[in-house]
Structures are given as C-alpha cells and as structure tokens.
Amino acid sequence: MKNYPAGHDAESACPAIEPRYADHTLLVLDKPSGLLAVPGRGVDKQDCLAARVQARYPDALVVHRLDMATSGLMVMARGAAAQRELSKAFAAREVTKRYIAVVAGRLDAPSEEWGIIDMPIAVDWPRRPLRIVDRIRGKPSLTRWRVLGADETGADTRVELEPVTGRSHQLRVHLRELGHPILGDALYAPPDVQARAGRLLLHAWSLRFAHPSTGDALAFESPAPF
C-alpha cells in the first residue's frame, strides 16, 4: 500500500502566484492545494488565490473555482468584458477541464475508452457544505472518466476525470458513489482512506478553451504533483 505524503503548505510554498500565462484579457494560474480560490467568511479566510493575483493584477476577476483542497489550473479574466465572455464559455460547456485523481481500491476500466458517471447532485442541507447524490432533488451531473493505471497490489487506481457539468464537489461525490473515494479526501472518504495521503489527491491538470478576444485555441497543462 502506498502512502502519499503531504505537499508543502500553500503559504510557505507559494506566497505569490506567478501566472502560467498572462495577456491583456486573461490569466492562467496554477493553484496549490490548501489555498482558497476566493475569500471565505472570516478574517482568517481572506488569503486566497484571487487576492494574491489581484495584488499584482487589480483588474483580475474570478470566472470559476477549485476547492481549497484541489490543486491545478484556473483562469481569471482581466476586466468585466472578458469575465462575461469566459463565463459564457463555461456555461456553454466550451471549456474542457481534465483532472488527475488517485482513488482507493482497484477501479476497473470502463468498457469504452471513457466511462460516464450520471448521478444528480444536491446540497446535503443538514450537513452543509457537503453534497449528496439525490435522484429527486439533485441537479444533472455528468463526469467522464478513464483509468490511467492501477497499483499492482490493488490498493489504489490513478484516473483521469472530465467534468461535463460543474457542480460543487462533483468529482469527489461521484467517485465516492462508485465506491472508490479519492485518497486524502477529508469530506467524503472514510478515515483510513483520508489517512492514505497528506492532501486530497485531485489535480486540475489540463485546461482548453478559445481565447475570448481572438478566438485562438488555448491549451494548458500542469502535471499532477503526486
């Protein structure tokens, strides 16, 4: 059984966020695990990727988010016009995001190259901010997935995930429902699976979309740090 150690904490490893790409319209950034994407409630939750980026680029605006525990690629708009165009692209599912995760147990590959998880997700109101699969109240939630490789002992499986919809905690909930929670998941994994890694082993490794000003195809990659 592998044990995945904790990475560097966000503050010591990344006091400033250097863009992977920057122009007059947008920024592409690589968020570390453990750093909020946007400010939370309370004075202790004001340090976040958005605040660090806005200290250098005051016109930077949030378009989408990653969970605090998730690392990887994010895009921010520069100015309200770019934010509107990028938000439209996300809403129209014209942005392709892919993630790498390590999940507990041996997950057999789907019969086709990519499998589909189709499970509607709703807020678990008594236990907010948790989410649950709810086939009556839940919103449609689709995830494409494929197996990249499995540990020879069967202890874990590395998978690639592509969320078609963008529900909060979608990937974490869908993998938990398959019976293969993500290692290090403090919200959805049982204690033994949480303890297998020092962080959530979920990383947004690939981001593809059309430039909102030029229409040029943009593609960015960030290898998983685990």
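User: Which residues of α4 are buried?
Analyst: This is a predicted model, where local features need pLDDT of at least 70, side-chain atom pairs count only at pLDDT 80 or more, and totals for chains, interfaces and linings use all residues. Residues are numbered from 1 along each chain as its sequence is written, and side-chain values use heavy atoms, with hydrogens and water left out. Buried means under 20% relative accessible area (1.4 Å probe, protein chains only). In α4 the buried residues are Q170, L171, R172, V173, H174 and L175.

User: Why is helix α4 largely enclosed by the rest of the structure?
Analyst: Helices are DSSP runs of H or I with at least four residues, and strands are runs of E with at least two, numbered from the N terminus. Helix α4 covers residues 170-177. It is largely enclosed because the buried ones among its eight residues number six.

User: Which residue just after α4 takes a positive phi, and of about what value?
Analyst: The residue is G179. Its phi is about 90°.

User: What share of the residues in the protein is buried?
Analyst: The protein has 226 residues. Of these, the buried share is 48%.

User: How many helices and strands does the protein have?
Analyst: The count concerns the secondary structure of the protein. It comes to five helices and twelve strands.

Methods
Buried means under 20% relative accessible area, exposed over 50%, partly exposed in between (1.4 Å probe, protein chains only).
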